[in-house]
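Visitor: Before we start, please put the model on screen. I want to hear the criterion behind each label.

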Amino acid sequence: MTTERAAHIDELVRVAVGQTSARDAIIHQSWVRCVSEHKLDPLVLRDAHIVTSGRLREHRDAMDEFLHTARFGVEMLYRQIAGLGYVLLLTDARGITVDFIGDPTFNNTLRRAGLYLGADWNEPHAGTCAVGTCIATEEALTVHQSDHFDATHIPLTCTAAPVFDPSGKLAAVLDISALRSPEPKASQFLALQLVKSFAHKIENANLLNRFRQEWIIKLSGSAEFADVDPDYVMAVDSNGRIIGFNNRARQLLARELAKRPDLRLRADGFSVSDIFECTIDDLPRFAHSRPTGQRTLRLANSGATLFAQTLPPPNKLVAPASSRSESALPTPLRNLFRGDPAMHHVVTRAAKLINTQMGLLITGETGTGKEHLTKALHSVSARAGRPFVAVNCAALPESLIESELFGHEAGAFTGAAAKGKKGLVLEADGGTLFLDEIGDMPISSQTRLLRVLAEREVTPVGRTRPVPLNVRVIAATHRDLVALVRAGQFREDLYFRLNGAVLALPPLRQRTDIEWLIDQSLHRLSTEHNANYALTASARSALLKYQWPGNIRELINALDHGCALSNDGTIDLVDLPDRIAHPLGEEISGKPVRGGAATSRQADALLAALRNNRWNVSQVARERGVDRSTIHRQILRFGITMPKDLT
Ligand SMILES: Nc1ncnc2c1ncn2[C@@H]1O[C@H](COP(=O)(O)OP(=O)(O)OP(=O)(O)O)[C@@H](O)[C@H]1O
């Protein structure tokens, strides 16, 4: 053992027996906790613990939407620190690393140090460390070199800040760590400010995303910053109740409520008028369009003044009113559409069937939201707290599909994983298994799947005894399964088992709520990028006219494109992808195009896209947010001749 490690262990032992230390109080207390509560032995060094990919998936699935919202902030933070040798970890509230960005050149070293996806940094396991101690104290901190309890981690410097959910519960921890750093702890001061600032941004983005349908109040002590970087953010429902807040707002509310013990006792929370000198009806007065100087709001209890900006719920601006049966749907399902009759039919039927064992088959063109709908159904079902596992049957190589789906024992066949594999079907046990592109599943796997569904048990390859299974299966396809059955490529008995009810998602071009979807998506992108995007009339009109072969996925990609190119958040026609801004494109050449005017417009646009991308099909598919196979099908359908086919 090195002298440094031995000295470190001596210091830990002295603290364990009650002596004082020169460490920061938060570190000293954590060391005491490690010994007295977590029963960690200073003499025992532990390797980093990385959870299995199955458990990691469960942890990630449980916070899927949060991760999606946080990703932009995570990437932005990483861009600022990458050159300084840091890696970035986002863990859940239990200390499991659910997102990670680091330089792949150092993968092995980082993995050994626990700076990796799936690493468990909870204090009871890893001892004093930035993530674990941040979870224990809910405070931002730096754990620098020998501040770590376990001498294995002495080379590291780690800085973490908590991210709270809108109800004030710890949701995640944001951490930046480096394998090497200068000796003085003060060298990490800026790192601490940076992580705190990004944790605050992620918290705000998550709050705004969660309460898209409600009033939002942003507040700051400075007139200039109320709009761009507010300190306090709150969500308010249509009755004026405060239903969500960021951590700074939570602390502000706690300070205000400390002077009003009567309010703390009320079970139904408190309203804006309990906290501010205003009511819900006053909120439009604080809209962005009014000069900041006129947007001051006084706190009712302390009398302090803050500058405010309010955002109305988006449906107050653009959505047609929801029907009564629509409002009766649980929020995740209601948020899938607004007033479109086909969607209304699909979603209300699905809501009734989700807790039955009836087979559900979701059909629809690529990008219409088959997986999105299934996730929403899972989230409102009785299985909500259990795993959601999505399998793309078309993406699994035929030789691996059975072992990936049904698992295998250790050494069951050449190339089998050394420890065996649970299989995706068993990973979904208790929850929902989404089988996407079921039409692409090979016939032999269809036979096994049918047996699993019929007998409700699964036998991993190499195992003799079956394992009981309780899973809700939802399948999806954009292919014509009846035609596949007729062609002998899909088992008829499996088809009948899966299609107890068929939910046909409409293509985007047929949806009556496309304008609402555009505004929703734009609102979400504004939240994610902390910006205020708006469309010019000509850009909006182009979006409404376009035919959307890649459906909602293509729409989101096009808006993303628009946001990236926009000036000051205003998305004009020129900021949209060419095929949408100029749908007539260039004159089509090659073979004649069949079909009516709309088809011909689509063909023209595709041809223009192919030319612009030098006939690179993958590039066009990426640009449109669709599969390569979709582009190939369209090339055939429109009779476009590719240069490589010309002799
Ligand atoms: N109702 C909706 N509201 C907002 N976004 C949606 C909606 N439906 C789908 N999306 C978004 O559109 C994109 C495509 O959705 P999804 O992956 O569910 O489509 P899909 O039909 O399963 O596609 P594929 O057939 O290609 O697998 C995703 O980014 C999803 O979040």
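Guide: The shell around the ligand takes at least three residues from each of domain 3 (324–506) and domain 4 (509–581); the bounds come from an automatic or database domain assignment. This is a predicted model: local features need pLDDT of at least 70, side-chain atom pairs need 80 or more, and totals for chains, interfaces and linings use all residues. Numbering runs from 1 along each chain as its sequence is written.

Visitor: What makes a residue part of the nonpolar core, and how many residues has the largest one?

Guide: A core joins buried Ala, Val, Leu, Ile, Met, Phe, Trp, Tyr and Cys through C-beta atoms within 7 Å. Buried means 20 or more other C-beta atoms within 10 Å of the residue's own, exposed means 12 or fewer, partly exposed is in between, and C-beta atoms are placed from the backbone. The largest nonpolar core has 80 residues. Helix H8 (residues 189–210) gives the most, eight residues; helices are DSSP runs of H or I, at least four residues, and strands are E runs of at least two, numbered from the N terminus.

Visitor: Which residues of helix H24 (residues 537–545) are buried?

Guide: Ala539, Ala542 and Leu543 are.

Visitor: Why say that the buried residues of H24 line one face?

Guide: Down the axis of H24, they fall within an arc of 100°, so they line one face of the helix. The arc is taken over directions from the helix axis to the C-beta atoms. The face turned away from the buried side carries exposed Ala537, Ser541, Leu544 and Lys545.
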